[in-house]
Amino acid sequence: MAGLTFPVSPAHSENHDNVTVFFSDIVRFTDISRALSPVKVCQMLDRLYLAFDALSSKHGVFKVETIGDAWVGVTNLEGNQNDSHTKRIAQFAVDAIAAARNIRIDEDDPSSGNIHIRVGFHSGNVVSNVIGSLNPRYGLFGDTVNTASRMESLSLSGKIHCSDISAKLLKEQDPTFPLRKRGKVAVKGKGTMTTYWVGRSTGKEDVKRQSGFDEKPVVGFKSPKPRLPRKVRGRPPTLIDMAGELRSPVRDDPTQSAPMSHWKALRKERRSSLYSIGSGSYSQ
């Protein structure tokens, strides 16, 4: 534990009445991890988080933790940013999205494109504490953290999504900061909430474009080729499927049925073809 410092003592929890919690994650991170080697994924995250760390110092955002591709930060933990904590997070979010867009997914492959993130934040009260004794972790706890995470998961690529509470605080702290009402959104565990887009105005076409980006892979990867039916000498391939069971053109259509005599003939043909392969003969 030498050299490590935490905002609070591990012996007790500390309440924070008015903070803003920030969440971000990488769009299509699962596909990126599938396409790249683990080393390249770590290098990509390192480049991204170094940029975020520099921005957090610039805007006075406390970095809480990173969980895989998620970066978590908070403002006003010490109560000295009461008049600017939501504004700081909003400014940090805008710069974080811009920084991510300038970072390559794979530096050795320009065709892989750059990183896209989605962001969400929420304001409220939290409790902080250092948990555990082996590799202790400083963490934030409370419904505010959960709601901030929901804002991020319901956001879109390149967009900043916030709750109604955060939007009101942002208007108070910086009336000129662009805000656009998204409307009522179903939030897991919270019901319906009125939420907002933060930053430049988002038109319908922009939302459609970003939504499409969320749905398609960022990095192209080769899908495994489907297995073809095995070829058995002396018998057409259509009589055997991938598991070696009988098939027929009639049975390919589930609305049709074949007579029993048809299946008996196929079974007889299958037996004769299977056991006549090679030298010798088969006798029943």
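Phe62 is partly exposed, at 32% relative accessible area; buried means under 20%, exposed over 50% and partly exposed in between, with a 1.4 Å probe and protein chains only. Tyr138 counts as buried, at 8%.

This is a predicted model, where local features need pLDDT of at least 70 and side-chain atom pairs pLDDT 80 or more, while totals for chains, interfaces and linings use all residues. Residues are numbered from 1 along each chain as its sequence is written, and side-chain values use heavy atoms, leaving out hydrogens and water.

Phe62 and Tyr138 form an edge-to-face aromatic pair, with 5.7 Å between centres and 90° between planes. For the rule, rings of Phe, Tyr and Trp (its six-membered ring) pair if their centres lie within 6.5 Å; planes under 30 degrees apart are stacked, over 60 edge-to-face, the rest tilted. Phe62 sits in strand E2 (residues 62-67) and Tyr138 in strand E5 (residues 137-141), 76 residues apart. Helices (H or I, at least four residues) and strands (E, at least two) are DSSP runs, numbered from the N terminus.

By this rule there are seven aromatic pairs. Tyr49 and Phe52 have ring centres 6.5 Å apart and planes at 45°, so this pair is tilted. They are three residues apart in helix H2, about one helical turn. Tyr49 is buried at 10%, and Phe52 is buried at 1%. Ring pairs also join Phe22, Tyr49, Phe52, Trp71 and Phe92 into a cluster.

Last, contacts, meaning heavy atoms within 4.5 Å. Beyond its neighbours within four places in sequence, Ile115 contacts Ile26, Met44, Leu48, Ala100, Arg101, Ile103, Arg104 and Ile105.
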